[in-house]
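Here are my comments on the model, as numbered points. Please read them with the structure open.

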Amino acid sequence: MPVDEIMQKGEEKMIKSLQSTQKEFSNIRTGRANPMVLDSVSVEYYGTPTPVRQLANISVQDGTTLVIAPYDKTSIAAIEKAILKSDLGITPGNDGANIRLAFPQPTEERRKELVKEVKKIGEDSKVAIRNIRREMTDSLKKIEKAESIPEDDVKKHQDEIQKITDKYIKDIDKIVSEKETEILSI
């Protein structure tokens, strides 16, 4: 495997790790209504598990309330049931045409728990990125032995790998900090 391919694949894995962290953060309830919390909710619709987003228009009403307007009004009961079964911890309100999800403001204690959870997710992501760095370095060393690449080139590539790693670690620190600020400013 050529060195360029190792670098490219490693960076792609780091990007996926960063995106995965961002997705996990979007699922953390902070008291603000965020349509992404419904991404994990599937509705049994005509015998097929279907994401809520495909069955309804989802909008944020006043910052703390999500309004779900089903395209097919007969699916309201199924959507409501799926939300109740999910681990969102929110009881939906049904007015016959729309479903409303009111997000309560978390207590100070709950906010501190959320910050700890965010930091743990961030740390897990940094560990994943460091593991990718280790894989890249190991692959580079195998190539060095097999193809007898000069030691200077290997050192140069290791420095590049470290720079890429530092960039993604910094990105994770940034999104962790942003999420912390979001949680604590509620």
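1. Contacts over sequence distance. This is a predicted model. Take the contacts in the protein chain between residues at least 6 apart in sequence: 65% of them join residues at least 24 apart. One pair shows such a separation in numbers. R134 and G10 lie 124 residues apart in sequence, yet their C-alpha atoms are 9.8 Å apart in space.

2. Overall make-up. The protein chain holds five helices and six strands. Along the sequence they follow the order α-β-β-α-β-β-α-β-β-α-α.

3. Overall dimensions. The radius of gyration of the protein chain is 22 Å, whereas a compact globule of 186 residues would have one near 16 Å. The C-alpha trace spans about 70 × 40 × 20 Å along its principal axes. As for burial, 39% of the 186 residues count as buried.

4. α1 against α5. How are these two helices oriented, parallel or antiparallel? They pack at an angle of about 10°, and their axes are 11 Å apart. An angle under 35 degrees counts as roughly parallel, so α1 is roughly parallel to α5. The residues of this contact divide into twelve nonpolar, four polar and four charged. On the α1 side the contact is made by V3, M7, E11, M14, I15, L18, T21, Q22 and F25. On the α5 side the partners include H157, E160, I161, I164, Y168, I172, I175 and K179.

5. α1 against α4. The axes of α1 and α4 cross at roughly 170° and come within 10 Å. That makes the two helices roughly antiparallel. Their contact residues comprise 13 nonpolar, six polar and four charged.

6. α4 against α5. Helix α4 covers residues 108–147 and helix α5 covers residues 151–184. They pack at about 170°, with axes 10 Å apart. The cut-off for roughly antiparallel is over 145 degrees, and α4 and α5 are therefore roughly antiparallel to each other. Here the contact residues divide into 14 nonpolar, seven polar and eleven charged.

7. T21. Is this residue buried or exposed? T21 lies in helix α1, which runs over residues 3–26. Its relative accessibility is 0%. Buried means under 20%, so T21 counts as buried. Leaving aside residues up to four places away in sequence, T21 touches I121, S125 and I175. T21 is also among the α1 residues that meet α5.

8. R134. This arginine sits in helix α4. R134 has a relative accessible area of 45% and is therefore partly exposed. Which side chain does R134 join in a polar contact? The partner is N131, at 3.2 Å.

9. Y46. Please look at the backbone here. Most residues other than glycine have a negative phi. Y46 has a positive one, near 50°. Where is Y46 placed? The residue lies in the loop between β1 (42–45) and β2 (48–51). Y46 has 70% relative accessibility. The cut-off for exposed is over 50%, so Y46 counts as exposed.

10. In brief. Helix α1 is roughly parallel to α5 and roughly antiparallel to α4. Helices α4 and α5 are roughly antiparallel to each other.

Terms used. Residues are numbered from 1 along each chain as its sequence is written. This is a predicted model: local features need pLDDT of at least 70, side-chain atom pairs count only at pLDDT 80 or more; totals for chains, interfaces and linings use all residues. Side-chain values use heavy atoms; hydrogens and water are left out. Axes are lines fitted to C-alpha atoms, for helices over the stretch in contact, and angles run from 0 to 180 degrees between N-to-C directions. Helices (H or I, at least four residues) and strands (E, at least two) are DSSP runs, numbered from the N terminus. Angles under 35 degrees count as roughly parallel, over 145 as roughly antiparallel, 65 to 115 as roughly perpendicular and the rest as oblique. Ala, Val, Leu, Ile, Met, Phe, Trp, Tyr, Cys and Pro count as nonpolar, Asp, Glu, Lys and Arg as charged, and the others, Gly among them, as polar. Buried means under 20% relative accessible area, exposed over 50%, partly exposed in between (1.4 Å probe, protein chains only). A polar contact is a pair of N or O atoms within 3.5 Å; within protein, one must be able to donate a hydrogen and the other to accept it, and residues adjacent in sequence count only if both atoms are side-chain atoms. The radius of gyration is taken over C-alpha atoms; the globule rule is 2.2 Å times the number of residues to the power 0.38. Contact means heavy atoms within 4.5 Å.
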